[in-house]
Amino acid sequence: MAQWIEGTVLENSHWTENLFTLKIDADVDMFTAGQFTSLALDIDGERIARPYSFLSSPGKKPIEFFFYTATGGVLSNAMVDLKAGDNIWVKQKANGFFTLNEVPQGKDLWMLGTGTGIAPFFSILNTEEPWNRFENIILVQAVRGECDLRYQELLQSLADQYGSRFHYKAFVSREEIQDTIHGRIPQAIAQGQLESNVGNEFSLERSQIMLCGNPDMVKDTVEALKNRGFSKNRRRTPGQITVENYW
Ligand SMILES: Cc1cc2nc3c(=O)[nH]c(=O)nc-3n(C[C@H](O)[C@H](O)[C@H](O)COP(=O)(O)OP(=O)(O)OC[C@H]3O[C@@H](n4cnc5c(N)ncnc54)[C@H](O)[C@@H]3O)c2cc1C
Ligand SMILES: NC(=O)c1ccc[n+]([C@@H]2O[C@H](COP(=O)([O-])OP(=O)(O)OC[C@H]3O[C@@H](n4cnc5c(N)ncnc54)[C@H](OP(=O)(O)O)[C@@H]3O)[C@@H](O)[C@H]2O)c1
């Protein structure tokens, strides 16, 4: 059983009514970019724990998490009230296989996420490995509203560092916002709109595709990609699609 360690909240940024970033000082074990740990609070005498992907990269301090409050959600709504200096339980050892070790070689790495599902991608993108292994990286984030699009400075710093090798595209589904795609990822793949917008095509030989976040988006996108001949990546039968479902 992995140990719980006590972390100290350094900062809790309230981006919107239900979107937050939590920075925590905690002595966690080294992890691999893309993995998650568990966060927990003792609520009414019970330890309530849930998995959260690291947004920060391995070895970076403080550790950082990006979260939504789920409607009626027990832990996420309690985390909202945390202030600098408060304690939070953190699992010392990280878990998960949504890492580049599990992704076969390719030329283009597509990272498609909904909402806070962008977190593990930031953790990976701020390490050297994806840039050593792939020629082009396309990061796609799908959200309901423009107010959900955060971490613009981080995106700018990746663009500054990697130039045309890095491409970012946002989908905003419930508002019409300039320079974003209005709609959903699977439909935009089926209709060719994502590729034409990014200026790069999905290819069985070149593309590796990582999907993270809303399980309905993951399921529908896998379907859209299967229709194009892509398959899930398994250890015995490598394919092109690697997934992480948030619920
Ligand atoms: C591997 C993994 C990594 C995760 N990383 C993150 C992360 O980095 N950021 C993050 O915000 N969440 C993340 N989650 C989801 C997180 O673990 C919790 O489920 C979420 O915060 C809700 O917990 P809760 O106790 O507030 O709600 P609960 O009382 O557990 O759940 C309420 C309901 O809300 C829905 N739900 C759960 N999570 C979400 C979500 N993120 N968005 C929308 N609806 C949801 C589900 O239908 C669930 O039954 C991750 C989940 C997994 C499995
Ligand atoms: N964001 C908010 O304003 C808000 C407000 C209150 C509560 N919450 C809660 O916060 C949590 C996370 O919010 P969220 O904004 O990330 O919600 P979300 O429902 O995961 O939406 C994120 C993006 O995924 C899209 N999506 C949903 N189903 C899809 C599918 N099958 N295929 C492809 N794309 C799909 C959504 O498009 P569509 O818009 O077309 O569905 C949206 O663009 C939820 O629990 C929600 O109840 C959010």
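Biologist: Let me get one term down first: buried means under 20% relative accessible area, exposed over 50%, and partly exposed in between, using a 1.4 Å probe and protein chains only. What kind of model is this, and which pLDDT do local features need?

Modeller: It's a predicted model, where local features need pLDDT of at least 70 and side-chain atom pairs count only at pLDDT 80 or more, while totals for chains, interfaces and linings use all residues. Residues are numbered from 1 along each chain as its sequence is written, chains are lettered from A and ligands numbered from 1 in the order written, and side-chain values use heavy atoms, leaving out hydrogens and water.

Biologist: OK, rings. How many aromatic pairs does the structure hold?

Modeller: Twelve. Rings of Phe, Tyr and Trp (its six-membered ring) pair if their centres lie within 6.5 Å; planes under 30 degrees apart are stacked, over 60 edge-to-face, and the rest tilted. Trp15 and Tyr151 are edge-to-face, because their planes sit at 65°, with the centres 6.2 Å apart.

Biologist: And where do Trp15 and Tyr151 lie?

Modeller: Trp15 is in strand S1 (residues 4-16) and Tyr151 in the loop between strand S8 (136-143) and helix H4 (152-162), so the pair ties together parts 136 residues apart in sequence. Helices (H or I, at least four residues) and strands (E, at least two) are DSSP runs, numbered from the N terminus.

Biologist: Are those two buried or exposed?

Modeller: Tyr151 is buried at 8% relative accessible area, and Trp15 is partly exposed at 32%.

Biologist: What about Phe54 and Phe65?

Modeller: That pair is tilted, 5.3 Å centre to centre with 35° between the planes. Phe54 is in the loop between strand S4 (46-53) and strand S5 (63-68) and Phe65 is in S5, so the pair links parts eleven residues apart in sequence. Both are buried.

Biologist: Switching to charges: which ring does the charged end of Arg47 sit over?

Modeller: The ring of Trp89, 3.9 Å from its centre. Lys91 lies over the face of Trp4, 4.4 Å from the ring centre. The cut-off is NZ of Lys or CZ of Arg within 6 Å of the ring centre and within 35 degrees of the ring normal.

Biologist: Now the backbone. Which residues does a cis peptide bond join?

Modeller: Lys61 and Pro62, with omega about -5°. Pro62 is in the loop between S4 and S5. Most peptide bonds are trans, and most residues other than glycine have a negative phi. Still, phi is positive for Tyr151, near 65°, and for Asp44, near 50°.

Biologist: Where's Asp44?

Modeller: In the loop between strand S3 (36-43) and S4. At 80% relative accessibility, Asp44 counts as exposed.
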